[in-house]
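Good morning, and thank you for the time on today's agenda.

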Amino acid sequence: MARRGIIRRSIYKSPAQLRLMVEAGRVTRLALDALSAAAREGVTTLELDAIAEKVIRDAGGVPNFQLVPGYRHTICANVNADVVHAIPNDRPLQPGDIVSLDVGAEVNGWNGDAAITVVIPDPQDEARTKHAQRLSAVTHSAMWEGIARFARASHLNEVGDAVSAYVHANSKYGVLEEYIGHGIGRSMHEDPPVFNVPSPGRGPAVKAGLCVAIEPIISAGTIDTVIQDDDWTVTIKDGSLSAQWEHSVARHEGGIWVLTAEDGGAAGLAPFGITPVPIA
Ligand code: MG
């Protein structure tokens, strides 16, 4: 889930606190794995919501999106031009859909938050399918660019520089500016903000103890959005397709660890020559 609003709290976790973040990340990832396996033509996003909730509760967690005031679901399911905070519904996924699935778990008072994008191929419309797949791929790569920069950054705003530079070098897509990543810990949404575009100042120091959700949110067209009458669903104003990928990531004394990746980010970071180190 992307941040709106501000909660003030110390942004650097102790080693003991970082260790508590690991299980929340693991349970979040289990839910994402189940969503990835279940997302296909004919499945509704409400059915996906139920699948994710069961996985999280069976693992001893709480769906933390349900802890956001006014939100009653486990996931946000953003289909096509719906870009973030879309409420699951009973519309079956259909060929040609691009859907981002955003989920989080709270375990023992600590939080994880992550998202994937899935494309439902349309054999009747290869161009649409390829367009959606490329949008997802560029967004996915932009997320890893941001995570890799976070691994080496001295200040946090370098992440937005890296994300936007990658997107603009590789596409004509737009990087949303209104919806951004965030610190994560005892709350899902904490300081500091994690911008996806260049921002004034350098941002806080990146050092051991900093945990953030890095989540590029990309439009194939305009970055202007509208909020639907449900007061949650954010939609690209010109109807363009959109994508989002997200991981929760920790810097610690030993290096970097991607809390919501099964391999800690090893595969995604390998092209950058970065080897993640488990939190000891
Ligand atoms: Mg988030």
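Which residues does Leu 48 touch, not counting residues up to four places away in sequence? In this model, which is predicted, Leu 48 touches Leu 35, Ala 38, Ala 39, Val 43, Ile 75, Leu 93 and Leu 101.

The largest nonpolar core has 76 residues, and Leu 48, Leu 101, Ile 147 and Phe 150 touch the most other members. Helix α3 supplies the largest share of this core, 10 residues. Apart from it lies another core of 9 residues, including Ala 2, Val 84, Leu 176 and Ile 217. As a general remark, nonpolar side chains in soluble globular proteins tend to be buried together.

I turn next to a pair of strands. Strand β7, residues 181–183, pairs with β8 in the antiparallel sense over 3 bridges. A hairpin of 6 residues joins β7 to β8, and Gly 181 stands opposite Val 194 in β8.

Finally, I come to the second largest pocket. About 200 Å³ of space lies in this pocket. Its lining consists of 16 residues, and Leu 32, Asp 33, Ile 116, Trp 245 and His 247 lie nearest the centre. Two or more lining residues come from each of α1 (15–38), β5 (110–119) and α3 (126–152), with α1 giving the most, 4 residues. By class, the lining holds 7 nonpolar, 5 polar and 4 charged residues.

Technical notes
Residues numbered from 1 in each chain as written. Predicted model: local features only at pLDDT ≥ 70, side-chain atom pairs only at ≥ 80, totals over all residues. Heavy atoms only, no water. 1 Å grid on protein atoms, 1.4 Å probe; cavity = no way out; pocket = protein on both sides within 12 Å on 5 of 7 lines; lining within 4 Å. Points joined across faces, edges and corners; volume = space filled by probe spheres on them. Nonpolar A, V, L, I, M, F, W, Y, C, P; charged D, E, K, R; others polar. Pairing = 2+ DSSP bridges. Core = buried A, V, L, I, M, F, W, Y, C linked by side-chain atoms within 4.5 Å. Buried < 20%, exposed > 50% of the residue type's maximum accessible area, 1.4 Å probe, protein only. Contact = heavy atoms within 4.5 Å.
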